[in-house]
Amino acid sequence: MTSVRTFTATLMLMLCVATVFAGKPRKATAQPDGAADRAYWVEQAWRLAAPVLENMAAGTLQQNFALEVSQSWDGRDPKVAYMECFGRLMAGIAPWLSLPDDATPEGLKRRQLREWALRAYANAVDPESPDYLGWTHGSQTLVDAAYLVESFIRGYDALWVPLDSITKARYVAELQGLHRYAPPYSNWLVFVALEEAFLMKVGATYDEYRIHVGVNKIEEWYVGDGWYSDGQAFAFDYYNSFVIQPMYSEVVNIIREVRGDQDRLLHRVGPNDGGERRAAQILERMQKFGVILERFISPEGTFPVFGRSIPYRMAALQPLALLAWQKRLPAELHEGQVRAGLTAVMHRMYDRDGASCYNDSGFLTIGFVGHAAQTPVDSYTNNGSLYMTSLSLMPLGLPATDTFWTVPAEKWTSKKAWEGDDFPKDHKWDINREEYQWK
């Protein structure tokens, strides 16, 4: 198998050969800021993904992964770390790996990662593989199977369709086997709803009641102004970003796709309150939440550190990345300001001198900016958990020619405000109006 180092050397050799045969070298010109931004994002995606996928494709992830757990580790089976690492990573980079192949340096990296990923997916459910994941190692599997499923949803044609029939059947059996676990009364309800919705999508037997409970409890827990409660009591943390907003939307969209807008799973009040209206409202709530997240990005490229699971790093901004990839940013947010804001946070997060987020083996370490074992870490956190930071990379699923990458960079809202520029007024979201408009 080609190693990361060998692959990189081969890529550089190909580029040198191409330059020789192209004739006279051309005078260097400055890259448009969007092209430079994309190159930086690709660099981050490759660094994050290559050590994981190369190892798991070879069946050596669990052997070589430098496992690190919270100092207050709760005693659960540490094997959960490998599903966390793989599933969360793939949920973020699936859109990028779904782009068609090309001969650019980025395209060659993307193709290599996809090839590794497809072998890794097979190993994840092969009982004979050393990297068979811990499908029966406790209820935590409900969480990370959902991220793995989410990667199939976000990269269906590129990542699910090419799998062989035996591997697909194994995934169906493993997901159905998760019925052995009951989710707690929290955001976990949407994890199991997404898993069942995926079984629905691929034509397998599924538990409709687990979907019904998930989508309706999340709906009941909407508290206004773009925020959902995590259970009956509101928690001021980033779980709207990590889980609730994206997965709720994805479950509803699968129901609409497979069973239609008037299906009973989508009715909240009556037969006229179907899927189209529900999906539109969920989207608009996420757009409002995206506006909030964009305003959280400070002029210096930081965001507020509050709530639990802070070492998930840039996963806090997932809805903003998802809206950008889906081309559903609200009118209040321009693509140039969202790209500039996210890029600024990446630089602040990953480029600090002497504070690498990676260990000597190339895997993420516990911390926030850099490695800091003393960072406030929850008892369930391990360094596999932290691959959720890949969720910020979804706009790479837009081709380099898309306007997200070609429009000029703009100041994001807080940068405008703190540098004395005009900036837009914020608004309360009125959940009682039929049209669900800004007020």
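## A salt bridge between Arg114 and Asp101

The side chains of Arg114 and Asp101 meet in a salt bridge, at 2.8 Å from N to O, where a salt bridge is a side-chain nitrogen of Lys or Arg within 4 Å of a carboxyl oxygen of Asp or Glu. Because Arg114 lies in helix 5 (residues 105–124) and Asp101 in the loop between helix 4 and helix 5, the pair ties together parts that are 13 residues apart in sequence. Arg114 is buried, with a relative accessible area of 11%, whereas Asp101 is partly exposed at 42%; buried means under 20% relative accessible area, exposed over 50%, and partly exposed in between (1.4 Å probe, protein chains only).

This is a predicted model, in which local features need pLDDT of at least 70 and side-chain atom pairs count only at pLDDT 80 or more, while totals for chains, interfaces and linings use all residues. Residues are numbered from 1 along each chain as its sequence is written, and side-chain values use heavy atoms, with hydrogens and water left out.

## The chain as a whole

The secondary structure of the chain comes to 16 helices and two strands, these being DSSP runs numbered from the N terminus (H or I of at least four residues for helices, E of at least two for strands). Of the 439 residues in the chain, 58% are buried. The accessible surface comes to about 18,100 Å², of which 54% belongs to carbon and sulfur atoms, as given by the Shrake-Rupley method with a 1.4 Å probe; for residues, only the protein chains shown count as cover.

## Other salt bridges

The structure holds 28 salt bridges. One of them joins Glu84 and Arg88, whose closest N and O atoms are 3.8 Å apart; being four residues apart in helix 4, these two are separated by about one helical turn. Glu84 is buried at 1% relative accessibility, and Arg88 is buried at 3%.

Glu257 forms a salt bridge with Lys201, with 2.8 Å between the closest N and O atoms, and this pair links distant parts of the chain, since Glu257 is in helix 11 and Lys201 in helix 9, 56 residues apart. Glu257 is exposed, with a relative accessible area of 52%. Arg38, Asp102, Glu106 and Arg110 are linked in a network of salt bridges.

Among the buried residues are Pro319, Leu322 and Trp325, and what covers the buried residues of helix 13 includes helix 4 (80–97), helix 6 (141–154), helix 11 and helix 12, with contact meaning heavy atoms within 4.5 Å.

Helix 13 is followed by Lys327, whose phi is positive, near 60°. Ser309, in the loop between helix 12 (275–296) and helix 13 (318–325), has a phi near 65°, a positive value in a residue other than glycine, and Ser309 is buried at 0% relative accessibility. Most residues other than glycine have a negative phi.

## A nonpolar surface patch

Val223, Phe234 and Phe236 make a nonpolar surface patch of about 300 Å². Patches are made of residues with over 30% relative accessible area and no salt bridge, like charges being joined within 9 Å and nonpolar side chains (Val, Leu, Ile, Met, Phe, Trp, Tyr) within 5 Å. Phe234 lies in the loop between strand 2 (227–228) and helix 11 (239–259), and is partly exposed at 42% relative accessibility.
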